[in-house]
Amino acid sequence: MTTRQHIIALHGAGMNAAAFGGLAPHMTDYLFQAISLPGHGRNGGDFLTDIAGMSGWLKNRMAGAAASSIV
């Protein structure tokens with residue numbers, strides 16, 4: 001059994017996960033997940049205002065995703 005690589009796409013400033021809509025259909029060989037930071041797209045919550053907050057949020061999100069289906 002071959003293990004597929006996991007790719008997480010994180011948007012830039014002023015965007016959300018929809019920015020990767022054209023890419024997602026071509027990523028069938030990977031476990032691909034495009035995510036939106038809090039306050040972006042359909043995500044509620046307050047905007048994160050600094051890189052440390054964003055990286056901490058992403059680290060927690062990735063740790064929680066390990067036990068669940070992410071595709």
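Begin by selecting the residues that line the largest pocket: they divide into 7 nonpolar, 5 polar and 2 charged. Here Ala, Val, Leu, Ile, Met, Phe, Trp, Tyr, Cys and Pro count as nonpolar, Asp, Glu, Lys and Arg as charged, and the others, Gly among them, as polar. The volume of this pocket is about 210 Å³. Of its 14 lining residues, Ala17, Ala18, Ala34, Ser36 and Arg42 are the closest to the centre. A pocket is found on a 1 Å grid over the protein atoms alone, as an open set of points where a 1.4 Å probe fits, with protein on both sides within 12 Å along at least five of seven lines; lining residues have an atom within 4 Å of a point.

The model is predicted: local features need pLDDT of at least 70 and side-chain atom pairs count only at pLDDT 80 or more, while totals for chains, interfaces and linings use all residues. Residues are numbered from 1 along each chain as its sequence is written, and side-chain values use heavy atoms, without hydrogens and water.

Next, display the secondary structure, which comes to 1 helix and 2 strands in the order β-β-α along the sequence. Helices (H or I, at least four residues) and strands (E, at least two) are DSSP runs, numbered from the N terminus. Strand 2 gives the most to the pocket lining, with 3 residues.

Now select serine 36, in the loop between strand 2 and helix 1. Is this residue buried or exposed? Serine 36 counts as buried because its relative accessibility is 10%; buried means under 20% relative accessible area, exposed over 50%, and partly exposed in between (1.4 Å probe, protein chains only). A polar atom of its side chain lies 2.8 Å from the backbone nitrogen of alanine 17. Beyond four places in sequence, serine 36 touches residues including His11, Gly41 and Trp57, where contact means heavy atoms within 4.5 Å.

Move on to tryptophan 57, in helix 1. With a relative accessible area of 22%, tryptophan 57 is partly exposed. Among its contacts beyond four places in sequence are Ile35, Pro38 and Leu48. Leucine 37 is 20 residues away from tryptophan 57 in sequence, and their C-alpha atoms are 8.2 Å apart.

Finally, colour the protein by pLDDT, the predictor's confidence in each residue, from 0 to 100. The mean is 83, and 86% of residues reach 70 or more. Over residues 67-71 the pLDDT is below 50. Where pLDDT is low, the predicted coordinates should not be read in detail.

How values were computed:
A polar contact is a pair of N or O atoms within 3.5 Å; within protein, one must be able to donate a hydrogen and the other to accept it, and residues adjacent in sequence count only if both atoms are side-chain atoms. Grid points are joined across faces, edges and corners, and a volume is the space filled by probe spheres set on the points.
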